[in-house]
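The following exercises are to be worked with the sequence and the model in view.

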Amino acid sequence: MIKALWFLVKIAVLIALAVWLAELPGDFRFEWQGYVVTAKAGLALIALLAFIIAVVFFYQVLKTFVDFPRSYGRYSEVRAKERGYRALTRGLTAVAAGDAKTAKIQAQRAGELLKGDTGLPVLLAAQVARMEGREDDAALSFAKLLENPDASFLGVRGLLQTALDVGDDESAVALAEKALALHPKQAWILKILYSLQIRNADWLKAEKTLRRLEKTAEFDPAKGRSDRIALFLAQAEADKNNGFAADAAMMVQKAQALDPLFTPATLLLADVFVADKKLRKARKIVLKAWKSAPNAALAQCWLSLNVVKKGADEKAVKLHAMEILLKQNAHSAAGQRIAGELAAQLHIWGDARDYFKRAEDLGATMLLYKDWADMEERAGSSVAVVHDLLEKASRARADKVWVCHQTGNIYERWSAVASPHNSFNTIFWDFPFAHGAPILSLDSGVKMQRGLIDAPE
């Protein structure tokens, strides 16, 4: 209704304008080659306006005929793009659904209809090639995406996935760094780069990447702290093996700054000092650690640092060394147990029983009762006594060990990398898993005989 009224208003205005022009006073006179044309001024203006409108109309008609081929070409191009984008949508949907046949058909249509587009049509072609197992063709398509500034990241990501699938770590690292340069705050890229750097034992770069990863708030702070300690110790181990004692000591000290009571750090620093022929320093740090957190690992390390002079009884020397530790801190079930074992080896049965009894009071374990039963059997005690101890062993809690939380494998000592599957920072001091995985050597991966576990309590 309002539109109709507005149309009538415009018609009325035009009619009023025409009447006003027609009634304008004055004449219009035109002479040309003897011809004289005279008309009212208003009519002349109306005629001139009509002539102008006619010229414009015929010009537009003529222009439409002249531009028709070009306009039709643009129309066809737009229609082709619409069909191309429709094919592209269907193709990507087919890829998501795992329909390789449909995806291939739509990819071909999209490529034909969207010629020159180096973006999503190329991505679709790459995905189809990957679905069909044509990795070389997929890699070429992903590389082509790099030519498009708007789609280059898709190319980098595709090539990165290909490099990861074929195990080309060197290319994967370069591509991950390139992807990170395009999107520096993406946690998933940082995680991939972090994993690759760890796999390549590039510990210092991994630590820098870890710092960036922690800023994304998608990484558990406790996990980050634990990983950082492991990274520092892994670098320290590498420096020690390469003869860089000072660098190794600095890395261990960084780890200790994060967790002063982490026994593997103390043991590694002792190894560094021993390799650098600084036995006194090694003994000092072990003794200091024992005062704060006594455990079996420190005890064994301490015993290895006590040199047995020529002609001396090695077992007696070790027992004396163990007594020195216990004088510094006697609140260690493992320390008391080890002292009891050493006393039993010297056939000092009374002292051995005393040590085992103190260990029992501090924290009885299966290993303690087994060692105690073995001592009583060698001491000639009754079968009932031995049987009673073995019965206690069957009911006692298991001893904690270095166990990989990923596989359940039990290790002789802690390491940043758990062999043979090479998972990072998955070895923890914990109770063994129920399936009873074998004890593995860090170097050879073979089973070990039962003995003192190089680990904290």
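**Exercise 1. Identify the contacts of tyrosine 194, leaving aside its neighbours within four places in sequence.**

Solution. Step 1: contact is taken to mean heavy atoms within 4.5 Å. Step 2: under that criterion, tyrosine 194 touches Ala206, Thr209, Leu210, Leu213, Phe219, Asp227, Leu231 and Phe424.

The model is predicted: local features need pLDDT of at least 70 and side-chain atom pairs count only at pLDDT 80 or more, whereas totals for chains, interfaces and linings use all residues. Residues are numbered from 1 along each chain as its sequence is written, and side-chain values use heavy atoms, with hydrogens and water left out.

**Exercise 2. Determine which residues of the largest nonpolar core touch the most other members.**

Solution. Step 1: a nonpolar core is a set of buried Ala, Val, Leu, Ile, Met, Phe, Trp, Tyr and Cys residues joined through side-chain atoms within 4.5 Å. Buried means under 20% relative accessible area, exposed over 50%, and partly exposed in between (1.4 Å probe, protein chains only). Step 2: the largest core has 103 residues, and those touching the most other members are Tyr194, Leu231, Leu233, Val286, Met322, Trp414 and Phe424. Step 3: the greatest contribution to this core, eight residues, comes from helix α14 (residues 296-305). Helices (H or I, at least four residues) and strands (E, at least two) are DSSP runs, numbered from the N terminus. Step 4: another core lies apart from it and has six residues, including Val95, Ala103, Leu124 and Val128.

**Exercise 3. Describe how helix α7 (residues 169-182) and α8 cross.**

Solution. Step 1: two packed helices are described by the angle between their axes and the distance between the axes. Axes are lines fitted to C-alpha atoms, for helices over the stretch in contact, and angles run from 0 to 180 degrees between N-to-C directions. Step 2: the axes of α7 and α8 come within 9 Å, crossing at roughly 150 degrees. Step 3: α7 is therefore roughly antiparallel to α8; angles under 35 degrees count as roughly parallel, over 145 as roughly antiparallel, 65 to 115 as roughly perpendicular and the rest as oblique. Step 4: on the α7 side, Asp169, Ala172, Val173, Ala176, Glu177, Ala179 and Leu180 meet Ile189, Leu190, Leu193, Leu196 and Arg199 of α8. Step 5: this contact of α7 with α8 comprises nine nonpolar, no polar and three charged residues. Here Ala, Val, Leu, Ile, Met, Phe, Trp, Tyr, Cys and Pro count as nonpolar, Asp, Glu, Lys and Arg as charged, and the others, Gly among them, as polar.

**Exercise 4. Describe how helix α10 (residues 221-241) and helix α12 (residues 263-275) cross.**

Solution. Step 1: their axes come within 10 Å and cross at roughly 15 degrees. Step 2: α10 is therefore roughly parallel to α12. Step 3: Leu233, Ala236, Glu237 and Lys240 of α10 make the contact with Pro264, Ala265, Leu268, Asp271 and Val272 of α12. Step 4: six of the contact residues of α10 and α12 are nonpolar, none is polar and three are charged.

**Exercise 5. Locate alanine 201 and alanine 217, and state the phi of each.**

Solution. Step 1: most residues other than glycine have a negative phi, and most peptide bonds are trans. Step 2: alanine 201, in the loop between α8 (187-199) and α9 (203-214), has a positive phi near 60 degrees. Alanine 201 counts as partly exposed because its relative accessibility is 40%. Step 3: alanine 217, in the loop between α9 and α10, has a positive phi of about 65 degrees. Alanine 217 counts as exposed because its relative accessibility is 68%.
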